[in-house]
Amino acid sequence: MIKNKIDVEGFNFYYGNFQALKNLNVPIREHQITALIGPSGCGKSTFLRSLNRMNDTIASARAEGKVLLNGKNVYDPDVDVVELRQRVGMVFQRPNPFPQSIYNNVAFGPRVLGMAQKGTDLDNIVEASLKEAALWDEVKDRLNHLATDLNPGQQQRLCIARAVAVRPEVILMDEPCSALDPVATLSVEELMRELSDEYTIVIVTHNMQQAARASDWTGFFWLGELVEFAPTGELFTNPKQELTESYITGRQG
Amino acid sequence: MTRQQSQQLAIWVITAVSAIVVIPILIVILYMLYNGISTISWEFISQPPRNGMTEGGIFPALLGTIFLTLGTAVAAIPLGVGAAIYLAEYAGDNRLTRAIRLAIVNLAGIPSIVYGLFGLGMFVLFLNYGTSILAGSLTLGLMTLPVIISTAEEAILSVPQEFRIVSLSLGATRWQTIRNQVLPHALPGIITGVILGLGRAAGETAPILFTVAAFYLPNLPKSIFDQSMALPYHLYVIATQVPGMPLGIQYGTALILLFIVLSLTLVATLIRSTMRRRREW
């Protein structure tokens, strides 16, 4: 029996008076890849950012309900947001390495978290993280080169290496392939599959083939509601809801 | 008139206007060079004035201006950059913040003589620092604050929001984010603002008039509680208060002061343009 890494229960989210998420109940299985699909503006990115409280930076935003990470509500007042974000990492839509060396990009997290300051300890973390992100062989001879000189696919894998370097439990990916070409996209998808042995992955995607190819579970969002949540194979071959069917077949959305 | 002709005319007018702005500045500089360059020598820079200031050099005034500029930097940089970080990164949009911003804008508009009188009342008399390098530096620092705060805030705000978000998403605290991802990228802009502010401070006369500057001192200052000579005030003195002052010394002094201020501005401009070219986002 696979346990739930995250349980979202009765979750509502508001931007001012606008309700962006409506009474969501989502189970995120440990060491599995959960894909969230739906049209633009349906709330899937908002949902993703609610899981590590990146929405806290928006002044007018307000959350209700529970996001249980290992059974503990991350919105409880005693939760340290900084620690939460170490445990729930994030990869963004546009590859966004810092304009620094490849090495320093990966080393930034471990440094600020006090995992290692320098020397072999830090070298080992950087090497291990780059290997996990399947980037080590391509960059091991030029760790001091600027990260922004890498190609977009490499940059995105570097961002993944940067995220895994702080040993998170969950990795959130917000349309990680939308700025990449098909070859780079495939390599990121393969990478996600390998990473799911170690981490729980939640990915937002506009690309339904990607969700179908790369995920174990799929949730379909529509206007802030979760219309359907099912094992990926089931949702794409035998959707229970008419809305899901019309969206995945391209008639709606 | 055809469109091509009106275009020609516009270019001609704009060029002429630019020339009207630039030519007087060039004339002033050339005129000063013509009258002052022959006075400038190592002796002029390294010797104190002699014989009722009608001979010798300007060393004590030059040194005083360097001390005052350094003192201004020490007083204004931590306060100014700190305030800029607060305004750009921490302050919300509320009444207090708006009041602070309004105060900064007003500070920038205050005539320099008012700073001088405030310095006299506050630092020289009330805090009892006396007429001293300390009082002068604090007065100049206060005057420089608005320039430093607004340029530093602008530099901090121009760092892409994305860097902050990524840093926070990796579990960095807000301060670690500012320290490691925001300030390094904002630094060239901050340095530029600081240097421009200091350049202005180095050339000011009114703020130092009552707070530090001495007409003539036989000895160099020994501590920050001593009075000092300073170039802008020295120039004012030899140009208006000393009868029979040789013109060469007056122009030479003005030339050195101009050189200091212009080179500070030039350094600031160079830093800005180099960093702009190197910017990677």
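This note walks through a predicted model with chains A and B.

1. Conventions. Residues are numbered from 1 along each chain as its sequence is written, and chains are lettered from A, ligands numbered from 1, in the order in which they are written. Because the model is predicted, local features need pLDDT of at least 70 and side-chain atom pairs count only at pLDDT 80 or more, while totals for chains, interfaces and linings use all residues.

2. Chain B overall. Chain B has eleven helices and two strands. Both kinds of element are DSSP runs numbered from the N terminus: helices are H or I, at least four residues, and strands are E, at least two. From the N terminus the order is α-α-β-β-α-α-α-α-α-α-α-α-α. The C-alpha trace of chain B spans about 70 × 65 × 35 Å along its principal axes. Of the 281 residues in chain B, 40% are buried (20 or more other C-beta atoms within 10 Å of the residue's own, C-beta atoms being placed from the backbone).

3. Two helices of chain B. The axes of α4(B) (residues 95-109) and α6(B) (residues 133-157) come within 8 Å and cross at roughly 130 degrees. Axes are lines fitted to C-alpha atoms, for helices over the stretch in contact, and angles run from 0 to 180 degrees between N-to-C directions. On the α4(B) side, I104(B), L107(B) and A108(B) take part; they meet L145(B), P146(B), V147(B), I149(B) and S150(B) in α6(B). The residues of this contact divide into seven nonpolar, one polar and no charged. Nonpolar means Ala, Val, Leu, Ile, Met, Phe, Trp, Tyr, Cys and Pro; charged means Asp, Glu, Lys and Arg; the others, Gly among them, are polar.

4. Where the chains touch. 15 residues of chain B are in contact with 19 residues of chain A (contact: C-beta atoms, placed from the backbone, within 7 Å). α7(B) gives the most to the chain B side, with six residues. That side divides into seven nonpolar, six polar and two charged residues.

5. The sheet of chain A. Six strands form an open sheet with mixed pairing, in the order β6-β7-β8-β3-β9-β10. Strands pair if DSSP finds at least two bridges between them. The edge strands are β6 (88-91) and β10 (225-231) of chain A. Within the sheet, β7(A) (residues 170-174) and β8(A) (residues 200-204) pair in the parallel sense over five bridges. L172(A) stands opposite V202(A) in β8(A).

Definitions and conventions: Two residues are in contact if their C-beta atoms, placed from the backbone, lie within 7 Å. A residue is buried if 20 or more other C-beta atoms lie within 10 Å of its own, exposed if 12 or fewer, and partly exposed in between; C-beta atoms are placed from the backbone.
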